[in-house]
Amino acid sequence: MGRVIAVSNQKGGVGKTTTAVNLSACLANDGNRTLLIDIDPQANATSGCEAGIDNLDGSVYEVLLGHAPLEAVISSTGIPGLDLAPSRISLAGAEVEMSSVLGREKRLAEALETVRPDYDFIIVDCPPSLGLLTVNALTAADSVLIPVQCEYYALEGLSKLLNSIQLVQRYLNPTLEIEGVLLTMYDERLQLSKRVAAEVKSYFNDKVYETAIKRNVSLAAAPSFGQPVILYEPRSTGADNYRRLAGEVSHARAAALV
Ligand SMILES: Nc1ncnc2c1ncn2[C@@H]1O[C@H](COP(=O)(O)OP(=O)(O)OP(=O)(O)O)[C@@H](O)[C@H]1O
Ligand SMILES: [Mg+2]
């Protein structure tokens, strides 16, 4: 059964999509059957790995509204072993359209049931909000991976996310866990980065990954070529950082299964 990991933080621009795309690509590259689900109407994860995809049939929008099964919208990508369930701007309307639908928080969880056995990891890229789309991701997920940008106000708003996680645990998904907390855009030359890292570690302790993702130009440039960084610039620091993160994530999974 695939482990479903939601990449979430309602703060914008902290590295959710960069992490979802590149962690997925590295997990697949290590031989894990991996599905990346883009549940953000901005569709950045979709465009971040669309090189090598001929045409996309439908999107997660049709799946959430019950117009198509998840299998029908999944396509393979330029990375062997990595599949994508794409988003489209139409997903922006889904929150409103779903608001009166019965079982609206569980649409993604239900849709995932049939495809879960086909994957080792299913990574969900969430939008920067705690609305119904994110609630669907948290309800479907086994765990949440929280990227935290090493910047001013990094921890601000995290209590809101933790509160949402608790509410989902109480009412919708009692077994939801925190997979890990990832420091992103880390710059070792800056005192600020070190200070934020220390603060995050004192709060989340051993939930913080040993790998911090450094600020790296290849990570910022890769999406404009529709490629994960391990294809675009395999020898970059960014590629190296995400390969290490994938190692930590797989290792935790293997340890939990013993
Ligand atoms: N480690 C990094 N080094 C350099 N640039 C980065 C890094 N991580 C992310 N970026 C860049 O920062 C911007 C925001 O990253 P990203 O899109 O991954 O954040 P996000 O949390 O998904 O944003 P949103 O909340 O809008 O969905 C992007 O332009 C991305 O290319
Ligand atoms: Mg994003």
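Which strands does helix H1 lie across, and at about what angle does H1 run to E5? H1 lies across E1, strand E2 (34-38), strand E4 (82-85), strand E5 (121-125), E6 and E7. Its direction is about 165° to E5. Contact here means that the C-beta atoms of two residues, placed from the backbone, lie within 7 Å. Axes are lines fitted to C-alpha atoms, for helices over the stretch in contact, and angles run from 0 to 180 degrees between N-to-C directions.

This is a predicted model: local features need pLDDT of at least 70, side-chain atom pairs count only at pLDDT 80 or more, and totals for chains, interfaces and linings use all residues. Residues are numbered from 1 along each chain as its sequence is written, while chains are lettered from A and ligands numbered from 1 in the order in which they are written.

**Overall build**

- The protein has 12 helices and 7 strands. These are DSSP runs, numbered from the N terminus: helices are H or I with at least four residues, strands are E with at least two.
- The radius of gyration is 17 Å, close to the 18 Å that the globule rule gives for 258 residues, so the protein is as compact as a globular protein of that length. The radius is taken over C-alpha atoms, and the rule is 2.2 Å times the number of residues to the power 0.38.
- The C-alpha trace spans about 50 × 40 × 40 Å along its principal axes.
- Buried residues make up 47% of the 258 residues. A residue is buried if 20 or more other C-beta atoms, placed from the backbone, lie within 10 Å of its own, exposed if 12 or fewer, and partly exposed in between.
- Of the contacts with a separation of 6 or more, 77% join residues 24 or more positions apart.

**The sheet**

- Seven strands form an open sheet in the order E3-E4-E2-E5-E1-E6-E7, and the pairing is mixed. Two strands pair if DSSP finds at least two bridges between them.
- Strand E3 (75-76) and strand E7 (177-184) are the edges. Each has a single partner strand, so one side of each is left without a neighbour in the sheet.
- Strand E1 (residues 3-7) pairs with strand E6 (residues 143-149) in the parallel sense, over 3 bridges. Isoleucine 5 has serine 143 in E6 as its bridge partner.
- E2 and E4 are also paired in the parallel sense, over 4 bridges.
- E3 and E4 pair in the antiparallel sense over 2 bridges. Serine 76 stands opposite aspartate 83 in E4.
- E3 and E4 form a hairpin with 5 residues between them. Glycine 81, in the turn, has a positive phi of about 90°.
- From E4, Leu82 and Leu84 point one way, and Asp83 and Ala85 point the other way. All are buried.

**Ligand 1**

- The shell around ligand 1 holds 19 residues, of which Gly12, Lys16, Thr17, Thr18 and Pro128 come nearest. A residue counts as near if its C-beta atom, placed from the backbone, lies within 6 Å.
- Helix H1 (16-29) and helix H10 (217-221) are the elements that give two or more residues to this shell. H1 gives the most, with 3 residues.
- The shell divides into 7 nonpolar, 9 polar and 3 charged residues. Ala, Val, Leu, Ile, Met, Phe, Trp, Tyr, Cys and Pro count as nonpolar, Asp, Glu, Lys and Arg as charged, and the others, Gly among them, as polar.

**Buried positions**

- Helix H7 (residues 132-140) is mostly covered, with 8 of its 9 residues buried. Among them are Leu133, Val135 and Leu138.
- Valine 200 lies in helix H9 (residues 191-204). Valine 200 is buried, with 22 other C-beta atoms within 10 Å. Beyond four places in sequence, valine 200 touches Val148, Ala154, Leu155, Val181, Leu183 and Val208.
- Valine 73 sits in helix H4 (residues 70-73). Valine 73 is buried, with 22 other C-beta atoms within 10 Å. Leaving out residues up to four places away in sequence, its contacts include Asp57, Val60, Val63, Ala85 and Pro86.

- Most residues other than glycine have a negative phi.
- Alanine 43 has a positive phi of about 55°. Alanine 43 is in the loop between E2 and helix H2 (44-48), and is buried, with 23 other C-beta atoms within 10 Å.
- Methionine 185 also has a positive phi, near 55°. Methionine 185 lies in the loop between E7 and H9, and counts as buried with 23 C-beta neighbours inside 10 Å.
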